[in-house]
Amino acid sequence: MEKMSITIKDEFIKLGQALKLAGLVSSGVDAKFLIQDGQVKVNGEVDIRRGKKLYPGDTFEFEGTEVTVKS
């Protein structure tokens with residue numbers, strides 16, 4: 001599994017935005033459908049909420065890439 005991280009300036013980032021920031025999807029629409037289809041895991045569990053708030057220390061996974069949120 002490939003590991004990477006994204007750095008945020010605010011207190012949190014929404015899951016759909018995080019997927020775009022990490023370069024794993026090209027648009028918010030793509031993120032929406034992938035999340036709703038259960039293809040994204042947050043902290044090891046499938047989460048189907050595009051607006052799920054991610055805080056520094058949280059991780060999400062998509063297609064063999066694990067991304068850690070950092071501040």
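Student: With which residue does Lys-3 form a salt bridge, and how far apart are the closest N and O atoms?

Tutor: A salt bridge is a side-chain nitrogen of Lys or Arg within 4 Å of a carboxyl oxygen of Asp or Glu. Here Lys-3 pairs with Glu-66, with 3.2 Å between the closest N and O atoms. The two residues link distant parts of the chain, 63 residues apart: Lys-3 belongs to strand β1 and Glu-66 to strand β7. Helices (H or I, at least four residues) and strands (E, at least two) are DSSP runs, numbered from the N terminus. A word on the source: this is a predicted model, where local features need pLDDT of at least 70 and side-chain atom pairs count only at pLDDT 80 or more, while totals for chains, interfaces and linings use all residues. Residues are numbered from 1 along each chain as its sequence is written, and side-chain values use heavy atoms, with hydrogens and water left out.

Student: Are Lys-3 and Glu-66 buried or exposed?

Tutor: Buried means under 20% relative accessible area, exposed over 50%, and partly exposed in between (1.4 Å probe, protein chains only). Lys-3 is exposed because its relative accessible area is 61%, whereas Glu-66, at 16%, is buried.

Student: How many salt bridges does the structure hold?

Tutor: There are two. Asp-47 and Arg-49 form a salt bridge as well, their closest N and O atoms lying 2.8 Å apart. Asp-47 counts as buried because its relative accessibility is 9%, while Arg-49 is partly exposed at 47%.

Student: Back to the strands: how do β1 and β7 run, and how many bridges join them?

Tutor: Two strands pair if DSSP finds at least two bridges between them. Strands β1 (residues 2-7) and β7 (residues 65-70) run parallel, joined by six bridges. Lys-3 has Glu-66 as its bridge partner in β7.

Student: What joins β6 to β7?

Tutor: Four bridges do, and β6 (residues 59-62) runs antiparallel to β7. Glu-66 also stands opposite Glu-61. These strands form a hairpin with two residues between them, and Glu-63 in the turn has a positive phi of about 45°.

Student: Which charged residue sits over the ring of Phe-33?

Tutor: A charge sits over a ring if NZ of Lys or CZ of Arg is within 6 Å of the ring centre and within 35 degrees of the ring normal. For Phe-33 the residue is Lys-32, whose charged end is 5.9 Å from the ring centre. Lys-53 lies over the face of Phe-12, 4.6 Å from the ring centre.
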